[in-house]
Amino acid sequence: NTAARLSESLVQVRELTTLYWQQERTRVSNLEAATEASRSAVDAAPVRTFDSLDSLDVTIGAIATLGRLELISFEREKELIDMALSRHPELLILGKHYHGDPQRFLEFSQTIRSTGAEVLPIQPPDAVVVGSGLAGLAASLNILDRGGTVVIVEKEHLLGGNSNKASSGINGCCPHNDTYNDSLETFRNDTIRSAGEVADLDLINVLVTKSEQAILWLKDRANVDLSLLSQLGGHSSKRTHRPSNGMAGAEIIYHLQKAVRSYEKTGRVKIMVDTRVVKLLTEEEGDRVVGVLGENTKDGTQQDIRADNVILATGGFASDRSSGSYLDQHRPELMSFPATAGAF
């Protein structure tokens, strides 16, 4: 994302955005407002799906187009760029759908103004995410990138959970297929063989077919270094992606939490550490979850945290050493065995 990464000086944003559109081969030259030529260009543009970075890119491109056509002042262009880089949800939605029609983008964006103050979170948030490991942070970042609001609840004092301690890497196929002759089918067969009789074919298929997308997202969105490729146990090809320095888990969590925390200044994310969830809150009928009951691990105070969506990203049960827990029921001999889950 050239514009988002490099435009520390907004004076340079027009040039940076032009470079982006040249690289993507989708820039429409010399668009004139409300002309048949601009509409034809939109019709001719290839159909594509959008993720959060695409929406940001095309929105900044649309703003730069308005500036090149002198349809807005430099001050207004700077204001719009500031809002786009802060992931202003309404502006990103307009950019996604009207980036190819400067006149309509201009007309519809006129009512969007920067207040000059921090954006306050929507109450209740769009989602409560329980757990701040790789799954929890990835879910939170995807919601935030799409303009949503999130409360992250973590029982430990630091973010990252057990993911922070992972040392090997993340398996995926097949960004390097041209070099290593790997294939989805080989990856699938390796996974089924390793799982043995407990193999869940549906879950394995999700793992295999979405793995490349997940790795590219970590690289492109969170700027995680996964430049090394290794062949680990159970795999017949090199498909374990690792950083060039440090442990994989620590590197991934560092960059993901950095991306999530960048939204704190907007008020759209609240991170509650030292808080464990002790109960799911439901409607009176009990058939719909509407939040969680959080308990501070320091002083025992409790509070309701309500949201339309609750995402449980708490991992396994290895750190639950309470009487009657799954660990106690099925592997009681491990109750006193050290584990990386939980405080460590």
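Which residues does valine 150 touch, not counting residues up to four places away in sequence?

**Entry 1: Valine 150 and its core.** I looked up valine 150 and found that it touches Pro125, Ala127, Val129, Ser140, Ile143, Leu144, Arg268, Val269 and Lys270, leaving aside residues up to four places away in sequence; a contact here means heavy atoms within 4.5 Å. I then turned to the largest nonpolar core, which has 25 residues, and noted that Leu141, Val150, Ile152, Leu218, Leu256, Val260 and Val269 touch the most other members. For the term itself I wrote down that a nonpolar core is a set of buried Ala, Val, Leu, Ile, Met, Phe, Trp, Tyr and Cys residues joined through side-chain atoms within 4.5 Å, where buried means under 20% relative accessible area, exposed means over 50%, and partly exposed lies in between (1.4 Å probe, protein chains only). Two or more residues of this core come from each of strand S1 (127-130), helix H8 (134-145), strand S2 (150-153), helix H11 (201-220), helix H12 (248-261) and strand S6 (269-272); helices (H or I, at least four residues) and strands (E, at least two) are DSSP runs, numbered from the N terminus. Apart from this core lies another, of 16 residues, including Leu66, Ile72, Leu91 and Leu94.

**Entry 2: What kind of model this is.** I noted that this is a predicted model, in which local features need pLDDT of at least 70 and side-chain atom pairs count only at pLDDT 80 or more, while totals for chains, interfaces and linings use all residues. Residues are numbered from 1 along each chain as its sequence is written, and side-chain values use heavy atoms, with hydrogens and water left out. The pLDDT, which is the predictor's confidence in each residue from 0 to 100, averages 79 over the chain, and 78% of the residues score at least 70. Confidence is lowest in helix H1 (residues 2-6), with a mean of 35, and highest in S1, at 96. Over residues 1-51 the pLDDT is below 50, and I recorded 63 contacts in the model for this stretch beyond near neighbours in sequence.

**Entry 3: Glycine 267.** I placed glycine 267 in the loop between H12 and S6, and I listed it as buried because its relative accessible area is 17%. From C-alpha to C-alpha, glycine 267 and valine 150 are 9.5 Å apart in space, although 117 residues separate them in sequence.

**Entry 4: Two positive phi angles.** Where does glutamate 70 sit in the chain? I found glutamate 70 in the loop between helix H4 (52-68) and helix H5 (74-85), with a phi near 60°, a positive value in a residue other than glycine.

**Entry 5: The chain as a whole.** I counted 13 helices and ten strands in the chain. Of its 344 residues, 39% are buried. Among the contacts with a separation of 6 or more, 61% join residues 24 or more positions apart.
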